[in-house]
Amino acid sequence: TMVAARQTGPILVETLIDCVRVAVLTALLARSTLPLRDVLVHALGLSDRWFFVVMSVAVHETLYYGMNGLLLILEARGALAQYKMPRLPSQVPTAALIKRTLKDSFVGHWIVQPITLYLLYPAFQHFGTVLGGDLPPLWVCAVQVGLGQLCNDTLFYWSHRLLHHPRVYASVHKKHHEYKGTIGFAAEYAHPVEQFLSNQLPSALGPLLCGMHVWLWCVYLCWRLWRTYEVHSGFCFRGTLLSRLGLLHAKGAEYHDFHHTHNDGNFGSGSGVWDHLFGTEDAWVRHLAARDRRAE
């Protein structure tokens with residue numbers, strides 16, 4: 001039986017509101033924390049290029065180990081159980097898989113990442129990226145973050161959908177789907193081809209083409225990583241104060257968790273726009289309808 005599709009208009013409006021919310025909040029945070037940039041520049045005494053590298057790595061690793069590690073510890077202790085999404089025993093990641101994930105990430109995070117960032121900085125500079133001076137006006141920062149989101153969501157959807165093609169899935173993307181039920185660390189557990197196509201390129205291309213200021217890039221990167229770790233965390237914090245304030249991504253968490261637990265559609269990063277427009281959310285719509293019937 002066919003389930004009535006979600007309406008395009010409301011989805012587009014909801015996505016636009018979410019995009020504007022994130023763009024404005026990120027721009028405001030970057031502007032309000034700009035004095036910290038000056039403190040760090042003085043304390044570290046690095047060139048613009050090395051500041052870009054060191055700060056990008058610092059933001060990434062702080063969230064990768066800090067946020068994901070904290071959530072894993074809280075889950076192991078039974079905390080936040082009311083926010084944990086349902087898991088079958090076969091969907092709970094083993095200690096061996098988590099250990100393999102952390103071991104697998106070491107070279108990419110501590111060797112490949114800094115080298116790549118160092119080599120990439122001249123391209124950022126070519127498009128106008130700078131470290132010093134004031135940030136652009138608030139509206140310009142917000143537009144740049146919004147364009148970064150659009151670029152990320154578009155590239156992620158199409159690259160992710162490509163990775164599910166039968167000719168590619170087994171050799172590349174299947175590694176990521178070793179996590180039938182994800183945790184935050186699973187977000188970057190992927191084949192090197194996937195790391196580039198679906199993680200690094202979508203995240204960096206928009207800011208690069210916008211010539212995003214280094215400090216705005218750092219704050220934007222913080223948000224991007226926070227979102228991807230949260231939607232892989234296995235937790236849905238809907239109804240919490242932070243969620244009501246628009247600082248969390250409950251909808252995206254449920255949306256992407258369905259992709260891993262069912263491996264059926266939902267290729268997008270959480271907004272659902274591309275899945276809706278190109279017909280890859282049918283299983284999700286049926287799931288929502290069945291859930292609503294059970295709740296009646």
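**Questions on helices, rings and backbone**

Student: In which loop is Asn-266 found?
Tutor: This is a predicted model, in which local features need pLDDT of at least 70 and side-chain atom pairs count only at pLDDT 80 or more, while totals for chains, interfaces and linings use all residues. Residues are numbered from 1 along each chain as its sequence is written, and side-chain values use heavy atoms, without hydrogens and water. Helices (H or I, at least four residues) and strands (E, at least two) are DSSP runs numbered from the N terminus. In those terms, Asn-266 is found in the loop between α10 and α11.

Student: Is Asn-266 buried or exposed?
Tutor: Buried means under 20% relative accessible area, exposed over 50%, and partly exposed in between, with a 1.4 Å probe and protein chains only. The relative accessibility of Asn-266 is 0%, so the residue counts as buried.

Student: What is phi of Asn-266?
Tutor: Most residues other than glycine have a negative phi. Asn-266 is a residue other than glycine with a positive phi, near 55 degrees.

Student: How many aromatic pairs does the count come to?
Tutor: Rings of Phe, Tyr and Trp (its six-membered ring) pair if their centres lie within 6.5 Å; planes under 30 degrees apart count as stacked, over 60 as edge-to-face and the rest as tilted. By this rule the count of aromatic pairs is 21.

Student: What type of pair do Tyr-157 and Trp-158 form?
Tutor: Their ring centres are 4.9 Å apart. The planes meet at 85 degrees, so the pair is edge-to-face.

Student: How many residues apart are Trp-158 and Phe-278?
Tutor: The ring centres of Trp-158 and Phe-278 lie 4.9 Å apart and the planes are at 75 degrees, so this pair is edge-to-face. Trp-158 belongs to helix α5 (residues 138–163), whereas Phe-278 sits in the loop between α11 (273–277) and α12 (282–295). Trp-158 is partly exposed at 37% relative accessible area, and Phe-278 is partly exposed at 40%. The pair links distant parts of the chain, with a separation in residues of 120.

Student: Which ring has Arg-49 over its face?
Tutor: A charge sits over a ring if NZ of Lys or CZ of Arg is within 6 Å of the ring centre and within 35 degrees of the ring normal. Lys-84 lies over the face of Phe-235, at 4.9 Å from the ring centre. Arg-49 lies at 3.7 Å from the centre of the ring of Tyr-118.

Student: How are α3 and α8 oriented to each other?
Tutor: Axes are lines fitted to C-alpha atoms, for helices over the stretch in contact, and angles run from 0 to 180 degrees between N-to-C directions. Angles under 35 degrees count as roughly parallel, over 145 as roughly antiparallel, 65 to 115 as roughly perpendicular and the rest as oblique. Helix α3 (residues 48–76) and helix α8 (residues 214–232) pack at about 25 degrees, with their axes 10 Å apart. The two helices are therefore roughly parallel.

Student: What is the handedness of the crossing of α1 and α5?
Tutor: Helix α1 (residues 8–32) and α5 pack at about 130 degrees, with axes 8 Å apart, which makes α1 oblique to α5. A crossing is left-handed if the near helix is turned anticlockwise from the far one by less than a right angle, and right-handed if clockwise. The crossing of α1 and α5 is right-handed.

Student: Which residues of α12 make the contact with α10?
Tutor: Helix α10 (residues 250–262) and α12 pack at about 110 degrees, with axes 11 Å apart, and are therefore roughly perpendicular. Contact means heavy atoms within 4.5 Å. From α10 come Glu-254, Tyr-255 and Phe-258, and from α12 Ala-283, Trp-284, His-287 and Arg-291.

Student: How far apart in space are Trp-215 and Thr-129, C-alpha to C-alpha?
Tutor: Trp-215 is in helix α8 and is buried, with a relative accessible area of 4%. Leaving aside neighbours within four places in sequence, Trp-215 has contacts that include Ala-30, Phe-51, Met-55 and Leu-135. Trp-215 and Thr-129 are 86 residues apart in sequence, and their C-alpha to C-alpha distance is 9.8 Å.
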